[in-house]
Amino acid sequence: MTGPPTPPPTTQAEIEDATRDVVITETAPSTSDNGIQPLASSVLPVAADQPSTVTRPGAAYRRLVPVLVQVAKKRDLEELIRVAERGDYTAGDDHHPDRLLITAPLVLAYLIKNDLPPARHALTRLPQGLAGLPLSQALFNLLASVWNRKYTAVYTRAEELYNMSRLPDFPDMDLGSILAEMTALFTEVFREKTFALLASAYDSLPLSVAQACLGLQPERVLETAARSGWSYDASAQILSPTRAKDASRVRYQSIAPSNLTSFQVIIDSVAQLD
């Protein structure tokens, strides 16, 4: 056994082309003593009070935030991507921190769809001053972990981004709530595809491998496996997946309560993304 399978990446040609100019690497995010990201004042710098006019810095991005929130609530990832891409390319103030209010949901939408090259492009086109901000770094780190198939890091980075989005003084609370839901949805989708790959790639595997791939405690891995009809040899700690006739349709059943009902339709169609 050489190790866990990897979620199907984009085509090799795309990956090689994308990594030729920019190598995606993780950075060490700064944390407080309790491991939580710094307060939102460092997630995005808070601009000084200015007259409420359409010409103030960042106004073009702020105007798009309610649109993105509404589109996300309608469970339309394609429309969210379209609106965010158009806003990121056409709005002014490219160096204004509010640009990240558009980039963050855009990157998460691509990650949910397992479309890594455009997620990378959305981040690497940020100017250097914005790329170094904590919110940007959290997105970079999550993308890097998925790109490099670092399973344990994927779940850790997703949790860090979730916590950042839920901070009480996140620059836009409605958007922060949506980002938190999208991050949680990404985690569920990533687990679902990984679970399906484990079932299709192995006749048997150690419990520790499944635990690392799914980012769950052993007892929760066993609960999930049992619901999918897997057998378990407790003495050897070996799981034996039940092969599905069509592995692409294997469903991962969430084993924890979730507030993602607004995105349920996306979860229902995850099996068709690959």
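## Where helix 4 meets helix 5

In this predicted model, L77, L80, I81, A84, E85 and D88 of helix 4 touch I102, T103, P105, L106, A109, Y110 and I112 of helix 5. Contact here means heavy atoms within 4.5 Å, and helices are DSSP runs (H or I, at least four residues), numbered from the N terminus. Sorted by class, this contact has 10 nonpolar, 1 polar and 2 charged residues. Ala, Val, Leu, Ile, Met, Phe, Trp, Tyr, Cys and Pro count as nonpolar, Asp, Glu, Lys and Arg as charged, and the others, Gly among them, as polar.

How are the two helices arranged? Axes are lines fitted to C-alpha atoms over the stretch in contact, and angles run from 0 to 180 degrees between N-to-C directions.

L100, A104, V107, L108 and L111 of helix 5 meet L135, S136, L139, L142 and L143 of helix 8. This contact has 9 nonpolar residues, 1 polar and no charged ones. Helix 5 passes helix 8 in a left-handed crossing.

## Helix 3 and helix 10

Another pair is helix 3 (residues 59-73) and helix 10 (residues 173-201), which pack at about 35° with axes 10 Å apart. Their crossing is left-handed. On helix 3 the contact uses V65, V69, A72 and K73, and on helix 10 D174, L175 and I178. These residues divide into 5 nonpolar, no polar and 2 charged.

## Salt bridges

How many salt bridges does the structure hold? There are 7, each a side-chain nitrogen of Lys or Arg within 4 Å of a carboxyl oxygen of Asp or Glu. One joins E79 and R82, whose closest N and O atoms are 2.5 Å apart. Because E79 and R82 are 3 residues apart in helix 4, about one helical turn separates them.

## How confident is the model?

The average pLDDT (the predictor's confidence in each residue, from 0 to 100) is 77, and 67% of the residues score at least 70. Over residues 1-23 the pLDDT is below 50, and this stretch has 40 contacts beyond near neighbours in sequence. Residues 47-54 also stay under 50, with 6 contacts beyond four places in sequence. Where pLDDT is low, the predicted coordinates should not be read in detail.

## Reading the numbers

Residues are numbered from 1 along each chain as its sequence is written, and side-chain values use heavy atoms, leaving out hydrogens and water. Local features need pLDDT of at least 70 and side-chain atom pairs count only at pLDDT 80 or more, while totals for chains, interfaces and linings use all residues.

Definitions and conventions
Helix = DSSP H or I, 4+ residues; strand = E, 2+ residues; numbered from the N terminus. Left-handed = near helix turned anticlockwise from the far one by under 90°.
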